[in-house]
Amino acid sequence: MSKAPHLTFDLDMPGVSRGHLVVPGGSDRGELLLPVFSLNKGEGPRLLVTGGNHGDELEGPLVARRLIEWLQKEQICGRVIVLPVLNPLAVEAWSRNTPLDGLNLNRIFPGRADGSVTQRIADAVSRVLLPMADTVFDLHSFGPRWDFPPAATTHPIADPDLMARTVRMAEAFKLPLTLVWQHNDTVGMFDIVAQNRGKVFVCAEFGGGTVGANNLAIYEAGVRNAIIALGLVEGEAESLTFREQKSCQTLETHPSDELKSPATGIFEPRRSVFDEVKQGDVIGILHLMDSPAAESIDICAPGPSIVLGIASGAHVDANKLVAIVARPLKL
Ligand SMILES: [Zn+2]
């Protein structure tokens, strides 16, 4: 019989503790040790911060590491647990999914103790760390093929009280975008499992493109703002400048706001993030490169909306997402 997942240290020890979350071995590989940091200052909010859920989104692990340094100097109460890399196998491969079993960690929560390695990671986090927190920040980024603003996101939640508290927490990041994102692929997300247990869960989608110093500074400031709003650290929220603008918008997006490529080709963006568009405005053009006629197809706005994310110079297969639009949130 395999061992149960566990921590190598006592989370209730006061002050700074470091150790590992032990994910037991299975038939596919031996046990996995995930570095965990705990900063325990007694009574107060209980926060879990995770990064590296998707292995090609490296801003999260970097910001999580920076937070550990900051919290050691600034935290005044409560408990923060930081797990910078949820899925080291995916991060080492710079891959969204785990190469060993092909699974997307963020679609198989709460995991399985007797499953493959990705399922065992989800099981260990769900059973050992999630019960220790009331609030969870899961630090993602939108991936290297997209232009997407720094955003604090959630999904529609059936419980109106938890929905309102979650949107307030997301807005406390004071990032350029707070987003309520309704899509059809939420089964097995870390968010859903945490929310079903009554926890406030905010997923930070920290921009797109490659990791850069300016973006990292915005991301880190956003997470610090939320930690200050929770009362774990004293201070004033920082207002953030994104592409020379200081503004925060709260938007919502639905499955019908996802614009897909009608064929295989190269997508050319014609609009930028936060552009306002009318119905029929061209958002991008798909160039069919295998046709001698050099045909192209306009991708147009389905209605009055705001460009939320746009593929940046990608070769895309048919029926792949190339742009997302959104509208101001109506709760
Ligand atoms: Zn992600």
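**Note on the predicted model**

1. The model is a predicted one: local features need pLDDT of at least 70 and side-chain atom pairs count only at pLDDT 80 or more, while totals for chains, interfaces and linings use all residues. Residues are numbered from 1 along each chain as its sequence is written, and side-chain values use heavy atoms, with hydrogens and water left out.

2. Helix H6 has 18 residues, which should span 26 Å at 1.5 Å a residue; its end C-alpha atoms are 26 Å apart, in agreement. The expected span is 1.5 Å times one less than the number of residues. Among the buried residues of H6 are Leu216, Tyr219, Glu220, Val223, Asn225 and Ile227. Buried means under 20% relative accessible area, exposed over 50% and partly exposed in between (1.4 Å probe, protein chains only). The cover over the buried residues of H6 includes E4, H1, E6, strand E8 (150-154), helix H4 (160-171) and E10.

3. Helix H1 (residues 59-74) comprises 16 residues and reaches 22 Å from its first C-alpha to its last, close to the 22 Å expected. Its buried residues include Glu59, Val63, Leu67, Trp70 and Leu71. An α-helix has 3.6 residues a turn, so residues three or four places apart point the same way. The buried residues of H1 pack against strands E3 (32-41), E4 (46-51), E5 (78-83), E6 (135-140) and E10 (200-206), and against H6.

4. Which protein atoms are the donors of the zinc ion? They are His54 (ND1), Glu57 (OE), Glu57 (OE) and His140 (ND1), lying 2.1 to 2.6 Å from the ion. Donors are N, O and S atoms within 2.8 Å of the metal (3.2 Å for Na, K and Ca); water is not among the atoms, so sites may look incomplete. The 4 donor atoms subtend angles of 54 to 150° around the zinc ion, which makes the arrangement irregular.

5. Along the chain, the zinc donors follow the spacing H-x2-E-x82-H. His54 lies in the loop between E4 and H1 and His140 in strand E6, so the pair ties together parts that are 86 residues apart in sequence. His54 is buried, with a relative accessible area of 4%, and His140 is buried at 2%.

6. Strand E3 is mostly covered, with 7 of its 10 residues buried. It pairs with strand E2 (residues 15-23) in the antiparallel sense over 9 bridges, and Leu21 stands opposite Leu34 in E3. Strands are said to pair if DSSP finds at least two bridges between them. E3 is also joined to E5 by 5 bridges, again antiparallel, with Phe37 opposite Val82 in E5.

7. In strand E9 (residues 177-181), 5 of the 5 residues are buried, so the strand is largely enclosed by the rest of the structure. Leu177, Leu179 and Trp181 lie on one side and Thr178 and Val180 on the other. E8 and E9 pair in the parallel sense over 4 bridges, and Ala152 has Thr178 in E9 as its bridge partner.

8. An open sheet of 4 strands has the order E16-E15-E13-E18 with antiparallel pairing. Its edge strands, E16 (296-300) and E18 (315-316), each pair on one side only. Strands E13 (residues 265-269) and E15 (residues 282-287) are joined by 4 bridges, and Ile266 stands opposite His287 in E15.

9. The largest nonpolar core has 72 residues, of which Leu71, Val82, Phe137, Leu139, Val223, Ile227 and Ile283 touch the most other members. Helix H6 (residues 213-230) supplies the largest share, 8 residues. Apart from this core lies another, of 31 residues, among them Leu48, Ile108, Leu130 and Val193. A nonpolar core is a set of buried Ala, Val, Leu, Ile, Met, Phe, Trp, Tyr and Cys residues joined through side-chain atoms within 4.5 Å.

10. Glu258, in strand E12 (residues 258-260), is partly exposed at 22% relative accessibility. Leaving aside residues up to four places away in sequence, Glu258 touches Trp181, His183, Leu321 and Ala323, contact meaning heavy atoms within 4.5 Å.

Terms used
Helices (H or I, at least four residues) and strands (E, at least two) are DSSP runs, numbered from the N terminus. Four donors count as tetrahedral if all angles lie between 85 and 135 degrees; four count as square planar and six as octahedral if opposite donors are over 155 degrees apart and all others between 65 and 115; anything else is irregular.
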